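Subject: Structure handover

Hello,

Please find the structure below, with the sequence. My notes on it follow.

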Amino acid sequence: MIPYPAIDPIMLQVGPFAIRWYAMAYIIGLFGGWYYFSKLDKKEPLLNKDAFENILVYTLLGIIIGGRIGYILFYNLPFYLHSPLEILKVWRGGMSFHGGAIGVIFSLYLFSRRYKVPYLKLMDKVVCVVPIGLCLGRLANFVNAELYGRITNAPWAMIFPGSDLQPRHPSQLYESFLEGIVLLFLLGLLFYKTRAREYPGTISGVFLLGYAACRIAVEPFRQPDPQLGTIIGSITMGQILSLPMIVVGLYLIIKGIYDRKKLSV
């Protein structure tokens, strides 16, 4: 086994005020993504100054509201129906990527309508920066010793504090690498080195398909949520929620190919 690097989840504490690595991952992910988005937007300017200054607000609201509602509905509805005040205690954890994705899709649709921005072109740039947050978020899960993997005898297994002291897959690191680093590189390559950005929706489709493939591939190594377990046989909620992403992703990619052929005629 590889010893688990015991990292204090609290990055900095001054009296009762504490800054956690998990919160810092969100902050760095949002502002880092905002900065990278500005570089992408310089390639083909899409937003005016006012729109650029407000897109972060729309994105943040979509992530928090969508992520929280998604977790409640998809992962722990009975608990929150019994204790509705717990819904407001976001600092205790409980966020869903799929819910956050739906929230951002909706909030940026409203953004595109307000600022008269082509929606799919906007989303093609936004998805390029999403892997930054995914990478940092999964690293924060690792620091918190949460969402760890299933029991294994792999030589890189770890014993996570607060668990049953069984060696487990560091599945947070698998997800950080695949959903973060690999997707970040792939989408950047498509945007800068190909003509994919000229066919709105294509890069968004690749992101949806790529994330879904990575999530489905890693789920067998990740310990299912204790309140849910597996849903159908060995299939998890994360895999089920990723299936619609595959359908929509394929549709957008095929649409991009069709648009390219139509323009070349």
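Strand 1 (residues 10–14) and strand 2 (residues 17–20) run antiparallel and are joined by four bridges. Strands pair if DSSP finds at least two bridges between them; helices (H or I, at least four residues) and strands (E, at least two) are DSSP runs, numbered from the N terminus. L12 has I19 of strand 2 as its bridge partner. Two residues lie between the strands of this hairpin, and G15 takes a positive phi near 60° there.

On conventions: this is a predicted model, in which local features need pLDDT of at least 70 and side-chain atom pairs count only at pLDDT 80 or more, while totals for chains, interfaces and linings use all residues. Residues are numbered from 1 along each chain as its sequence is written, and side-chain values use heavy atoms, with hydrogens and water left out.

The core comes next. The largest nonpolar core has 36 residues, and those touching the most other members are L47, I55, L108, F111, L122, I203 and F207. Such a core is a set of buried Ala, Val, Leu, Ile, Met, Phe, Trp, Tyr and Cys residues joined through side-chain atoms within 4.5 Å. At least two residues each come from helix 1 (21–43), helix 2, helix 4 (97–115), helix 5 (119–143), helix 6 (171–193), helix 7 (202–218) and helix 8 (237–264). Helix 5 gives the most, eight residues. Beyond four places in sequence, L122 touches F37, L46, L47, I55, L108, F111, S112 and V117 (contact means heavy atoms within 4.5 Å).

G149 sits in the loop between helix 5 and helix 6. G149 counts as buried because its relative accessibility is 0% (buried is under 20% relative accessible area, exposed over 50%, partly exposed in between; 1.4 Å probe, protein chains only). Leaving out neighbours within four places in sequence, G149 contacts R168, H169, S171, F221, R222 and Q223. The C-alpha atoms of G149 and P224 are separated by 8.3 Å, at 75 residues apart along the chain.

On the surface, V57, L60, L61, I64, I65, I69, L73, L77 and L81 form a nonpolar patch with about 780 Å² of accessible area together (Shrake-Rupley method, 1.4 Å probe, only the protein chains shown counting as cover). Patch residues have over 30% relative accessible area and no salt bridge, with nonpolar side chains (Val, Leu, Ile, Met, Phe, Trp, Tyr) joined within 5 Å and like charges within 9 Å; a salt bridge is a side-chain nitrogen of Lys or Arg within 4 Å of a carboxyl oxygen of Asp or Glu. Helix 2 (49–75) and helix 3 (77–82) each give two or more residues to the patch, and helix 2 has the largest share, seven residues. L61 is in helix 2 and counts as partly exposed because its relative accessibility is 49%.

Regards
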